[in-house]
Amino acid sequence: MKVSVLDQTQLLEDLSAEEVFAQSVELAKHVDELGYHRYWLSEHHSTDALAGSSPEILASHLLAKTNFIKVGTGGVMLPHYSAYKVAENFKVMSALAPGRVDMGLGRAPGGHHLSSIALQGERARRNVDIFPEQIDEVLEYLEDRLPDN
């Protein structure tokens with residue numbers, strides 16, 4: 001059986017974000033030594049309970065602090081971002097830690113609706129679900145198979 005961890009970087013017991021992230025590092029190192037398969041990080045915005053607003057940055061840090069465990073996002077809320085930028089971030093992580101990076105993508109807001117507006121800018125004003133197209137774009141960027149247009 002493959003065993004994994006989902007870390008939501010919860011701000012419990014009056015801990016600061018710095019302390020919570022340090023605990024995440026220690027937990028990742030510990031489960032890496034135990035042989036766990038994967039360490040997932042979630043994305044949440046505008047909450048006093050969770051510190052994980054940028055799972056890909058924390059994933060990069062954990063990849064540098066561990067040796068074997070796969071580290072991934074569960075997941076990056078793709079509608080907030082450019083598919084190209086998300087693909088670039090994961091290509092860089094994969095080059096730094098080959099074979100150890102997992103990309104999980106989601107389309108939930110990951111927080112308050114005002115956070116979505118702040119993250120998406122003008123794109124937030126569109127009232128269409130472009131998530132399926134964004135998934136295709138991410139794959140095209142990751143696989144270097146962009147259409148000519």
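This is a predicted model: local features need pLDDT of at least 70, side-chain atom pairs count only at pLDDT 80 or more; totals for chains, interfaces and linings use all residues.
What covers the buried residues of α5?

**Stop 1: helix α5.** Select residues 131–142. That gives you the 12 residues of α5, reaching 16 Å from the first C-alpha to the last, close to the 16 Å expected at 1.5 Å a residue. Now show side chains for Phe131, Gln134, Val138, Glu140 and Tyr141: these are the buried residues of the helix. Part of the spacing follows a general rule: an α-helix has 3.6 residues a turn, so residues three or four places apart point the same way. To answer the opening question, bring up α3 (83–96) and β6 (105–106), which are included in the cover over those buried residues.

**Stop 2: the strands.** Next, select 38–41 and 70–73. These are β2 and β3, paired in the parallel sense over four bridges. To get from β2 to β3, trace the chain through helix α2 (residues 55–65); this β-α-β crossover is right-handed. Strand β5 covers residues 101–102 and runs parallel to β3, with two bridges joining them.

**Stop 3: the core.** Which residues have the most contacts inside the largest nonpolar core? Select Tyr39, Leu41, Leu62 and Val71, and you have them; the core itself has 25 residues. At least two core residues come from each of α1 (17–34), β2, α2, α3 and α5. The largest share, five residues, is from α3.

Now zoom in on Tyr39. Leaving aside neighbours within four places in sequence, its contacts include Val5, Asp7, Ser24, Leu27, Ala28 and Val31. Also among the contacts of Tyr39 are Leu62, Ile69, Lys70, Val71 and Gly72.

**Stop 4: Ala64.** Finish on helix α2, where you'll find Ala64. Is this alanine buried or exposed? Ala64 counts as exposed because its relative accessible area is 64%, and the cut-off for exposed is over 50%. Last, draw a C-alpha to C-alpha distance from Ala64 to Leu96: the two are 32 residues apart in sequence and 8.5 Å apart in space.

How values were computed:
Residues are numbered from 1 along each chain as its sequence is written. Side-chain values use heavy atoms; hydrogens and water are left out. The expected span of a helix is 1.5 Å times one less than its number of residues. Buried means under 20% relative accessible area, exposed over 50%, partly exposed in between (1.4 Å probe, protein chains only). Contact means heavy atoms within 4.5 Å. Two strands pair if DSSP finds at least two bridges between them. A crossover is right-handed if, with the strands pointing away from the viewer, the path from the first strand over the helix to the second runs clockwise. A nonpolar core is a set of buried Ala, Val, Leu, Ile, Met, Phe, Trp, Tyr and Cys residues joined through side-chain atoms within 4.5 Å.
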